[in-house]
Amino acid sequence: MQFGRFVAKRVALVIPTLFGVVTVGFLLAYMLPGNPVLVRAGLLATPEYIAEMAQKMGLDQPWYVQYSRYVGGLLHGDLGQSSSTGRPVLEDFLQRLPATLELTLASLCIAVAIGVPLGVLSAVHRNTLLDHVGRVVSVFGVAMPTFWMGLIAVHLFYYELHLAPAPLGRIAMNLEPPTTISGLYVVDSLLTGNFPTLWSSLGQLALPAMTLGLSVMAPVARMVRASMLEALEADYIRTAWAAGLPARQVIYGDALRNALIPVVTTFGLVFGFLLAGNAVVESVFAWPGIGNYAVSALLTKDSGPLQSFVLFVAFSYVLVNLAVDILYGLIDPRIRLS
Amino acid sequence: MSALLEVEDLSVEFATDDGVVSAVDGVTLSARAGEILGIVGESGSGKSVLISAILRLVRPPGRIVSGRLRFEGNDLLALPEAELEAIRGARIALVPQTPRTSLNPLMTVGRQVERLLRLHRGMDKRAAREAAIAMLERVRIPDPKRRAGQYAHELSGGMCQRVMIAMALATEPRLLLADEPTTGLDVSIGARILELLRQLGEESGAAIILVTHDLGVVAQTCHRVAVMHAGQLSELAEVDELFERPLHPYTRALVRSIPRIDQQIALKPIAGTVPSLVNVRPGCRYVRRCPDALAACRRQRPPLIVAGNGHRVACHAVGQSNVVR
Amino acid sequence: MSKLRRRSVLGAGVLGGVAASLGAPLVKRVEATDPRTLTVASTTDVDTLDPASFRTDGAYTATTNVYDTSVGWEVAPSATVPGVSTAVPSKFVPNLAEAFATEDDGATIVLKIRRDAKFPSGRPITAHSIKYMLDRGLQSPGYVRLTIPRYLRVTSPDSFIVRDDYTFVMKMPGPTPLAYHILSLCTLSVVDEAIAKANATPSDPWATDWFRRNTTGGGAYTLTKNEPGVGLLMEYNPGSWHPKPFFQRVNTRFVPNESDRILLLKRGAIDMTTGVGMSPRNIKALEAEPKIQVVSVPDTSCHFLCMNGKKAPLDNVKLRQAINYAIPIDAMLQNLLFGYATQMKSPLPSLMPGYDATLSPYRYDIAKAKALVQEAGLGGQPVALELAVRVGWTTHEQAATWIQAELEKIGLKVAIVRETDAAFRQAAIGGKHLLSIEAWQSWVNDPIFHMNANFHSTSTNTNSSFYNNPVLDKLLTDNMHEPNADKRAAAVKEAQTILINDAVWGFLWYENWTRVARKDLTGFTKRWDTFDRYRDLRLKS
Amino acid sequence: MSVLAQDIADDRDDDIVAPTARWRRAARWLRRNPVSAAAIVVISLLVFVAVFAPVLEPYKPDVPDPMAVLKPPSWAHPLGTDGFGRDVLSRIIDATTLDLSIALAATLVALSIGMVVGALSGYRGGWVDLIVLRLVDVLMAFPAFVLAMGITAALGNSIANVAIALSMTQLPAYIRLVRGEMLRVRTLEYAEAAVSIGNPSWRVALVHLLPNCLPPLTVQATLAMGYAVLTMASLSFIGLGIAPPQSEWGSMTADGATYMSTGEWWLFVFPGVAIVMTVLAFNLVGDALRDLLDPRLRGTR
């Protein structure tokens with residue numbers, strides 16, 4: 001039962017954080033200079049016309065009225081109206097969210113698929129050439145600005161080598177997206193056994209996911225290396241050696257399993273990095289996700305989408321951390337039963 | 001009868017930033033089946049390094065620089081790693097000092113015993129589980145079936161040490177290395193653990209090497225004892241012989257420092273501290289603290305000379321005074 | 001009629017709206033499966049499809065092809081550039097109105113509506129449709145409500161009369177040369193009255209919400225698919241009276257990133273894109289590509305250095321004149337615009353009637369500029385000025401850097417400030433800008449209209465220089481609706497002279513109308529609103 | 001017992017085991033960690049370039065030269081010229097000063113605020129700690145990039161505002177770090193000792209306990225320097241970076257992006273390489289510092 005209480009306490013902590021994020025998000029959007037009406041109204045609009053539109057959008061109210069109206073709306077799912085697409089923000093969000101999720105998950109898989117083995121090998125062969133090379137390679141991913149890496153990747157793989165498809169969105173132009181089940185094109189085309197779309201969406205996903213994945217690979221590799229080093233020095237590993245267990249079992253069995261637990265906790269942090277890098281990568285690869293949507297909202301002072309993006313990122317960051325804590329409890333008996 | 005384990009002139013060094021650390025310097029001793037050999041010495045005297053060397057577990061930057069290690073007739077130093085894995089945990093087993101942290105936290109204690117049985121005894125899953133539970137019972141763990149499914153953090157220190165012993169003895173090893181098994185436990189539990197070790201040793205006929213810094217433990221449990229100081233073997237003798245007639249100045253000082261209930265004698269602490277083993281000078285390493293130090297003691301390491309039935313001592317002063325023939 | 005062509009250059013500078021999804025197949029360029037499908041890359045997404053409201057270029061282009069106007073601009077093949085037809089100044093052609101005439105010596109417009117024009121729903125387009133369009137425009141918030149009262153002096157729906165099912169009459173207080181100009185604007189497009197009324201609600205009588213995402217136009221194409229952030233698909237509307245166009249389908253993809261657009265053009269994944277959103281240097285480079293052609297003709301898009309006349313030191317005419325002499329226009333035309341623009345020599349665009357290139361004395365002459373600065377009494381210590389440009393307008397950013405270097409030579413220390421669209425517009429209207437680079441294009445290709453919008457003291461939001469000259473005001477107001485052509489032309493010349501001598505604007509350049517497309521595309525048409533009518537395009541056989 | 005002078009000398013040698021000279025130990029460490037050594041060299045090079053930029057620049061970095069527009073790398077212009085005919089190498093050198101100083105300023109500001117707030121909240125505990133924790137949570141949950149974008153968009157992209165934006169995104173990490181260390185250190189005896197001799201709690205926290213929290217902070221600060229340069233580049237890519245004509249790696253790279261597709265690759269690649277080298281160096285030194293300062297890891301050779 002105390003596990004339930006542990007979860008409940010963590011959830012309770014989430015509420016003030018989310019509330020804080022909503023407020024900071026609102027203030028940020030409110031502070032942005034410029035008037036959304038003007039962006040839409042164009043030059044010919046007379047002051048009266050602008051005033052009328054502003055009044056219609058409720059922008060003439062003092063900030064606290066707008067704030068309470070925004071929070072009120074939030075409570076029953078109304079994320080407000082986006083002036084750049086003229087649709088309720090919720091609708092835009094739901095339409096764009098799967099794209100961002102698919103990119104983020106793919107990047108996470110790549111970051112883990114490369115980061116974890118790199119970290120383990122660096123730790124096992126500490127201070128050898130492999131360790132140094134591994135560290136430099138993983139840090140390289142972080143050192144390159146995502147848009148720089150992305151554009152070079154596009155230029156190299158799409159334009160020069162013709163290996164990757166055009167960096168434009170989630171699927172080839174002449175193909176229809178798969179029937180929506182999860183919203184993730186790769187998953188949906190797998191489920192519906194539609195191989196042409198599977199191949200095309202994988203092709204489209206490869207470069208952006210690689211770019212974003214490499215940029216977060218370093219924290220994963222660094223964390224795995226540190227906790228692996230720690231595990232290899234543990235007493236139970238000396239016992240395992242003394243018990244004649246084969247090296248492979250000692251290192252990649254006992255040591256690795258114990259080393260991976262703290263790594264799980266960094267997934268919250270890594271997820272944060274991914275969402276941040278998302279906006280830039282989405283622009284370079286014309287990926288119809290929410291990152292891109294938020295950035296353009298920021299530039300045209302379209303506060304609805306910006307606030308919702310901030311709320312979504314905060315909400316998912318908190319959710320992931322909560323999930324990580326619970327996962328931590330599940331795989332580590334010491335916490336589960338304490 | 002030939003000794004189960006013969007260690008001859010074994011030296012182990014560690015390359016560090018500050019220089020070469022000579023952790024073990026020319027140690028010669030042997031362990032016989034059914035006998036408990038105590039190895040005693042202050043912390044930092046190289047006891048644990050010796051144990052690691054016997055198991056060929058000295059990892060870089062440490063390395064065995066000289067000496068011979070014979071176990072059951074074959075030369076451990078020459079064996080390839082694969083064959084060593086067949087000996088470790090099967091023919092030679094280790095009981096570590098800190099039981100709780102020496103168990104894998106993510107695996108139930110039962111399974112940690114089982115996997116050794118399956119690895120070294122080729123048992124199938126079901127047989128191994130039953131044997132493991134039997135083994136836990138043999139080391140007197142109450143309600144072994146339930147305990148087998150629990151994790152290390154759910155057991156007490158004493159209980160964990162019993163599991164370690166179960167793991168060690170499950171594969172019926174010929175040699176059991178107990179590296180300060182009771183240091184982490186309080187006295188009463190420690191005594192019962194030692195009693196268990198002695199009794200299981202007798203039953204299996206295995207040789208036991210008991211490493212400790214507690215002379216009381218030596219007196220109560222060991223048949224023979226080796227005294228180590230700063231990586232060198234000072235003296236080796238039967239337990240009673242050593243306590244009644246300590247020859248090496250260091251052993252004499254040690255025996256004198258044991259509080260005696262029956263006599264009212266002032267305790268005399270040993271002067272000086274254990275010397276640093278970094279880039280150490282040749283010769284006897286007790287010289288700085290030894291009242292009987294001779295010029296020779298600074299030049300060469302005193303050879304191990306026979307001083308009576310099975311009583312060996314490495315000390316120039318004792319040698320020259322030919323007190324004993 | 002004018003509306004700042006919202007130019008959001010989506011190169012490295014800024015992320016335009018939402019990403020698109022268009023991908024060339026994996027390996028080599030695969031011919032679009034259907035040669036009758038045109039693939040176009042747009043830099044801005046569609047925000048609203050309501051024909052009567054302000055919207056992005058992407059949205060304007062879509063509505064211009066899906067809706068239809070009563071009167072159209074006449075176009076004629078360009079003398080200099082093959083395959084392009086351009087709008088003829090002050091010439092109008094029948095469209096939905098097969099004939100148009102004036103009565104009461106110009107105060108009343110009579111439109112004879114074609115009998116064969118139908119909405120996609122099958123309902124015929126009649127005089128009632130025209131009346132509903134104008135009634136809706138006049139009363140729903142948006143573009144039309146601001147232009148008809150001001151420029152046609154029509155304020156109530158009663159002026160719009162249906163004489164019979166196919167004859168529409170508009171009564172105006174007096175004659176005006178602007179009437180047909182206004183009627184040709186794409187914002188005055190006919191909508192299906194029945195559908196509009198079906199979707200109207202008490203709070204939204206003119207169904208503006210419905211029209212935001214849906215269309216009922218009578219144009220050559222209908223909108224069959226619209227995925228915000230991705231793109232839209234337009235297909236030929238069989239019911240339309242227009243002859244069957246070469247391209248049955250137009251696939252518009254929204255591609256914010258300039259580098260991506262260039263790569264797609266080179267690989268043939270897209271057939272055409274606009275010059276807007278692409279730096280002139282990139283366009284020049286694309287001219288060398290074997291499978292690509294660059295079509296570029298002069299246009300009425302004015303790009304100028306806006307100087308806030310009511311803020312010191314720019315209230316000093318001598319300083320403004322000095323700045324005009326310090327503008328390195330030749331270096332910019334060559335190194336920045338690569339010939340896709342022409343030097344601005346008057347507040348009027350070069351293609352506008354009444355344009356006179358001989359009036360302006362300004363040319364790049366640092367010595368003269370320095371002298372004028374002395375005369376302005378500012379010769380002493382350097383004067384600090386701020387020059388605002390919009391994020392993403394790369395040519396403006398680069399021009400600002402050229403201008404900064406030159407102004408430094410005449411003692412003006414310029415700091416460049418980059419602002420987002422929203423921030424820039426608010427600062428401009430609030431009079432906070434000192435120097436800024438603005439752009440203006442009048443869809444109504446009439447000099448008085450153009451000058452009235454930019455320089456009349458009452459045009460609060462559009463007179464970005466805050467110019468206030470009663471003489472000019474009177475000249476413009478009196479001649480706005482002057483029927484006598486010669487009298488109006490004289491007034492235009494006099495107004496031009498005043499504005500040039502007063503150096504209200506820092507004259508920069510007129511930007512060309514440019515399209516980058518596949519080699520074998522032809523039938524380009526440049527109208528005053530610059531938006532492509534895809535029905536005109538075809539492939540050279 | 002014979003006592004020889006030589007033996008006395010030997011004993012004295014043994015007693016005063018001279019610690020290996022600090023620099024020799026460092027040299028040995030460097031030799032064994034070539035990667036970190038290279039990173040340190042890069043950073044010192046950067047600092048040198050940053051300080052002596054005006055002297056090192058072959059050309060004036062911000063003077064357009066219509067004659068030399070978009071020239072590929074050549075002897076005259078080793079890294080080519082940009083759209084205004086300005087020498088890319090000079091601009092990169094000139095940008096070093098700006099980029100490093102903004103990153104340093106942002107890091108120092110965040111570091112100092114973070115230390116004070118973290119120390120007090122960690123030491124004082126109670127409701128102060130609760131509020132600070134919630135604030136940190138909010139800032140951590142807030143997408144760092146959007147925060148930076150928002151601030152620069154709201155306040156304008158002057159150099160100061162970009163620095164503020166960068167430090168705001170780093171702040172929570174420092175607060176959390178110091179607070180964690182402070183909780184650990186506060187329980188130690190010498191904390192009680194400092195209190196017992198009558199120091200007010202803020203003195204104890206800031207003067208006595210804080211220095212002990214420094215090691216992990218240096219690691220975080222070094223990594224943060226790298227991230228600051230990276231964030232500046234991303235801000236420039238979406239148009240909110242430092243305003244032209246100021247030369248700054250991020251905006252140079254972002255502006256260079258469009259030139260990639262038409263062949264002038266050097267405008268995009270070289271500033272990018274400058275960023276990569278800098279961030280790489282800071283990250284590697286940060287890693288090395290972490291290994292060095294983390295007793296557990298240092299113990300294992």
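Mentor: Happy to; we will look closely at chain C and then turn to other parts of the complex. Keep in mind that this is a predicted model. For the complex, the predictor gives an ipTM of 0.75 and a pTM of 0.79.

Let's begin with what chain C is made of: 16 helices and 20 strands. Its radius of gyration is 24 Å, close to the 24 Å that the globule rule gives for 541 residues, so chain C is as compact as a globular protein of that length. Along the principal axes, the C-alpha atoms of chain C fill a box of roughly 75 × 65 × 45 Å. Of the 541 residues in chain C, 60% are buried. Now think about contacts in chain C between residues at least 6 apart in sequence: 73% of these join residues at least 24 apart.

Next, see how two other chains meet. Here 24 residues of chain B are in contact with 17 residues of chain A. On the side of chain B that touches chain A, the elements giving two or more residues are α2 (81-87) and α3 (109-121) of chain B. The residues on that side of chain B comprise 14 nonpolar, seven polar and three charged.

Finally, a word on confidence in chain D. Its mean pLDDT is 81, and 90% of the residues of chain D reach 70 or more. Within chain D, confidence is highest in helix α3 (residues 34-51), at a mean of 90, and lowest in helix α13 (residues 295-299), at 47. Over residues 297-301 of chain D, pLDDT stays under 50. Where pLDDT is low, the predicted coordinates should not be read in detail.

Note on methods
Residues are numbered from 1 along each chain as its sequence is written. Chains are lettered from A and ligands numbered from 1 in the order in which they are written. This is a predicted model: local features need pLDDT of at least 70, side-chain atom pairs count only at pLDDT 80 or more; totals for chains, interfaces and linings use all residues. pLDDT is the predictor's confidence in each residue, from 0 to 100. Helices (H or I, at least four residues) and strands (E, at least two) are DSSP runs, numbered from the N terminus. Two residues are in contact if their C-beta atoms, placed from the backbone, lie within 7 Å. Ala, Val, Leu, Ile, Met, Phe, Trp, Tyr, Cys and Pro count as nonpolar, Asp, Glu, Lys and Arg as charged, and the others, Gly among them, as polar. The radius of gyration is taken over C-alpha atoms; the globule rule is 2.2 Å times the number of residues to the power 0.38. A residue is buried if 20 or more other C-beta atoms lie within 10 Å of its own, exposed if 12 or fewer, and partly exposed in between; C-beta atoms are placed from the backbone.
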